[in-house]
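Please read them with the structure open beside you.

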Amino acid sequence: MATSKTKKPAPATSPAEAPVVSTTTTLDALARELGPADGAFAARTYAGIPEEDLVAEGTRIDSQSLIDDVPQFVASARRILGSLSGAQRSKVRMPEALLPLLVAEAGRLQAMKRSHDVAATEIAGARAALEVQGRSAMRDGIAERDLCYDGLRNALGPRRMARVDAIVGRADSPENLARGLEALAAFIDETRRADPQDAQILEDYDVGAECAAALRTTAQRVRGTASVQITAGRRVTQRALDLQDGRVAIVIEKILRAFRAARRVDGTILVPELNKAAWMFETRSGSSGKKAQPGGSGAPVGNASAPEETPSLGADG
């Protein structure tokens, strides 16, 4: 009689990797569940950390990576904590106020990022519109100059255009075009005053007083459009965004350090998962893995120092 062979169990997942479960957790939902952050605890958490250090920390990571990772990271930490016995929980030496603080800081980062991105979009749109206006003003100025030039040539004849050629200049920049238009207007006014017959023939060809006034108005438009500075008013600066990135990263590191320390004592305790921001913390908080590299595989962060033979908890925690 044939005997059935016993199948080998499937290899366990990485012992340091918290089981991945499908979730729709959001920062807003977590904030409602966990409640507001403790302000006094937050002050103690960041006390003694220079602002420049937080900014430097924040420049290492993209804001959106932190925003995307924090909800799952916090949900994972809560799931792991809920699966621990009292004795195991005592090994994760992390105040309960730390998770609400992380959610609050990440929520603030999300709001700042939105404001920063909206302002950047508005500035880009305003600059594009201004460039269109500038090109339009340049085209109008050149067209008006050329019409005036040909009108003057018809009125005064080619021999008297040498001076006009010298004063008109080039139109290679808004300022040079504006100066040329003003110089042309000054020439018209001077010619009209010098000789009544010239004044009349200039009017005959529509390059008289009204033409000179129009040239000056166009010159002001050309120069004015070029001088407009785009400002977005009160907006979130990149430094402020980097500072908030640093605040979020510091709290994540504290949480990871607490879980990793507990895992070194009890290998069945899992470590909360990160995805996009995992590379930033792979060699920190007590981990002894390879050197962190940005833009890595995106695998959840683990703890390379944990013994490989230690089995992980099941997917149900």
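1. Lys113 is buried, with a relative accessible area of 14%; buried here means under 20% relative accessible area, exposed over 50%, and partly exposed in between, using a 1.4 Å probe and protein chains only. Lys113 sits in helix α6. Leaving aside residues up to four places away in sequence, Lys113 touches Ser63, Gln64, Ile67 and Leu241, where a contact means heavy atoms within 4.5 Å.

2. A word on the ground rules: this is a predicted model, in which local features need pLDDT of at least 70 and side-chain atom pairs count only at pLDDT 80 or more, while totals for chains, interfaces and linings use all residues. Residues are numbered from 1 along each chain as its sequence is written, and side-chain values use heavy atoms, with hydrogens and water left out.

3. On the overall fold, the protein chain has 12 helices and zero strands; these are DSSP runs numbered from the N terminus, helices being H or I of at least four residues and strands E of at least two. Of its 317 residues, 40% count as buried. Among contacts in the protein chain with a separation of 6 or more, 80% are between residues 24 or more positions apart.

4. Asp242 belongs to helix α11, residues 238-265, and counts as buried because its relative accessibility is 12%. Which residues does Asp242 touch, not counting those up to four places away in sequence? They are Leu54, Val55, Gly58 and Thr59. Asp242 and Glu57 are 185 residues apart in sequence, yet their C-alpha atoms are 7.7 Å apart in space.

5. Now the nonpolar cores, each a set of buried Ala, Val, Leu, Ile, Met, Phe, Trp, Tyr and Cys residues joined through side-chain atoms within 4.5 Å. The largest has 44 residues, of which Val92, Met94, Leu102, Ile252, Ile255 and Phe259 touch the most other members. Two or more residues each come from α1 (27-34), α2 (39-46), α4 (63-83), α6 (98-156), α11 and α12 (278-281). The element that gives the most is α11, with 10 residues. Val92 touches Leu81, Leu84, Ala258, Phe259, Ala262 and Ile269, not counting residues up to four places away in sequence. Apart from this core lies another, of 23 residues, including Met138, Cys148, Ile188 and Leu202.

6. Axes are lines fitted to C-alpha atoms, for helices over the stretch in contact, with angles between N-to-C directions running from 0 to 180 degrees; under 35 degrees counts as roughly parallel, over 145 as roughly antiparallel, 65 to 115 as roughly perpendicular and the rest as oblique. Arg163, Val164, Ile167 and Val168 in α7 meet Gly180, Ala183, Leu184, Phe187 and Glu190 in α8.

7. Next along, α8 and helix α9 (residues 196-204) pack at about 130°, with axes 5 Å apart. That angle makes α8 oblique to α9. From α8, Ile188, Thr191, Arg192 and Ala194 meet Pro196, Asp198, Ala199, Leu202 and Glu203 of α9.
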